[in-house]
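Subject: Structure handover

Hello,

Please find the structure below, with notes on what was found in it.

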Amino acid sequence: MSFRINTNSQAALSLNSLNKTSNEIGMRQLRLATGSRINSAADDSAGFTISKKLESKTRGQAQALSNIGDAKSLMSVAEGSLGSIQDILVTMKEKSVQAANDTLGADERTAIKSQIDELAKEIGDITTNAKFNGQSLLDGTGGTAGVFNFQVGDTAAEKFELDLSGVDSSAATLAVDALAVDTAANAQTSITAIDAAIKTVSTYASKLGDAQNRLDFKAENLETSKTNYEAANSRIADADFAKEQMEIVKLQILQQTGSAMFAQSNAAPQSVLSFF
């Protein structure tokens with residue numbers, strides 16, 4: 001048996017093993033603290049790359065879902081305004097039907113005409129004020145020349161187009177801005193014009209309803225896709241708490257035994273003093 005004190009190989013090996021165990025305990029504790037298995041590229045370079053790609057995908061999809069919500073809100077504003085215009089048109093028709101009856105005199109028809117004109121002005125105000133974030137919705141000028149593009153996915157190709165370029169709910173466009181009810185015949189003509197306006201506005205509303213239904217399906221599909229991608233990322237990047245805690249217990253035992261062995265390795269060279 002030989003005794004050397006300048007180089008204590010056993011102590012060096014014990015220290016190396018102890019440092020390795022301590023470092024691994026620190027890594028496991030970090031995983032438990034952050035909930036992530038991969039906290040840097042050094043932990044798993046391939047997994048880090050895949051995880052970041054999946055994270056980019058899911059965050060993009062989350063924003064796309066928010067975009068869809070905003071788009072539906074925009075359409076709800078437009079639809080609500082169209083609903084108000086339809087209500088006004090129904091009232092205008094009611095008054096025109098009243099004016100078409102020969103039981104009324106000139107004064108009564110004049111009063112009805114005044115009311116119809118005011119209702120037509122209100123249609124104009126609603127059309128002008130129907131805006132979402134400053135974008136006009138019912139006069140064909142919002143978006144890009146009346147066409148709205150919504151980003152409904154995380155890739156450039158995933159977009160949804162809402163063409164409102166042909167939508168104009170102004171009283172002039174609907175031909176209800178100068179209705180005549182001074183005679184029964186003119187009132188009947190006004191009834192026909194109002195019916196056409198109601199049909200036009202209903203067509204606009206149907207177009208918005210169809211678009212909202214499509215966005216509902218897109219949101220449902222996007223939510224499912226996002227959930228699946230999040231699950232895939234979780235399997236790669238998230239820490240398994242039960243496993244990590246189990247490993248920490250094992251490593252703590254090794255740390256304690258390593259410390260004991262390191263102490264013994266440092267004490268061994270002292271036996272050389274027995275030679276003197």
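Asn133 lies in the loop between β1 (131-132) and β2 (135-136); helices (H or I, at least four residues) and strands (E, at least two) are DSSP runs, numbered from the N terminus. Asn133 is not a glycine, yet its phi is positive, at about 50°. With a relative accessible area of 74%, Asn133 is exposed. The cut-offs are as follows: buried means under 20% relative accessible area, exposed over 50%, and partly exposed in between (1.4 Å probe, protein chains only).

Two notes on provenance. The model is predicted, so local features need pLDDT of at least 70 and side-chain atom pairs count only at pLDDT 80 or more, while totals for chains, interfaces and linings use all residues. Residues are numbered from 1 along each chain as its sequence is written, and side-chain values use heavy atoms, with hydrogens and water left out.

A second residue with a positive phi is Ala175, where the value is near 60° and the residue is again other than glycine. Ala175 sits in the loop between β4 (159-163) and α4 (184-237). Its relative accessibility is 44%, so Ala175 counts as partly exposed. For background, most residues other than glycine have a negative phi.

The chain as a whole

The chain has five helices and four strands. Read from the N terminus on, the order of elements is α-α-α-β-β-β-β-α-α. Of the 276 residues in the chain, 34% are buried. The chain exposes about 15800 Å², of which carbon and sulfur atoms supply 52%; accessible areas come from the Shrake-Rupley method with a 1.4 Å probe, and for residues only the protein chains shown count as cover. Among contacts between residues at least 6 apart in sequence, 74% join residues at least 24 apart, where contact means heavy atoms within 4.5 Å.

Helix pairs

Two packed helices are described by the angle between their axes and the distance between the axes. Here axes are lines fitted to C-alpha atoms, for helices over the stretch in contact, and angles run from 0 to 180 degrees between N-to-C directions.

Helix α2 (residues 45-99) and helix α3 (residues 106-129) have axes that come within 10 Å and cross at roughly 170°. The two helices, α2 and α3, are therefore roughly antiparallel to each other; angles under 35 degrees count as roughly parallel, over 145 as roughly antiparallel, 65 to 115 as roughly perpendicular and the rest as oblique. The crossing of α2 and α3 is left-handed, a term for the near helix being turned anticlockwise from the far one by less than a right angle (right-handed if clockwise). On the α2 side, the residues that meet α3 include Ser81, Ile85, Ile88, Leu89 and Met92. On the α3 side, Ile112, Ile116, Leu119, Ile123 and Ile126 are among them. By class, the residues of the contact of α2 with α3 are 11 nonpolar, seven polar and three charged. In this scheme Ala, Val, Leu, Ile, Met, Phe, Trp, Tyr, Cys and Pro count as nonpolar, Asp, Glu, Lys and Arg as charged, and the others, Gly among them, as polar.

The axes of α2 and α4 come within 7 Å and cross at roughly 165°. α2 and α4 are therefore also roughly antiparallel to each other, and α2 passes α4 in a left-handed crossing. The contact of α2 with α4 has 34 nonpolar, 12 polar and 11 charged residues.

Individual residues

Ser81 lies in helix α2 and is buried, with a relative accessible area of 12%. Not counting residues up to four places away in sequence, Ser81 touches Ile126, Ala130 and Leu138.

Ser136 is in strand β2 and, at 13% relative accessibility, counts as buried. With residues up to four places away in sequence left out, Ser136 touches Ala130, Lys131, Thr141, Gly142 and Phe148.

Ala237 is found in helix α4 and is buried, at a relative accessible area of 9%. Its C-alpha atom is separated by 5.7 Å from that of Ser36, although Ala237 and Ser36 are 201 residues apart along the chain. Beyond residues up to four places away in sequence, Ala237 touches Ser36, Arg37, Ile38 and Ser51.

Thr200 also lies in helix α4, and at 28% relative accessibility Thr200 counts as partly exposed. Thr200 and Leu174 are 26 residues apart in sequence, with a C-alpha to C-alpha distance of 7.7 Å.

Regards
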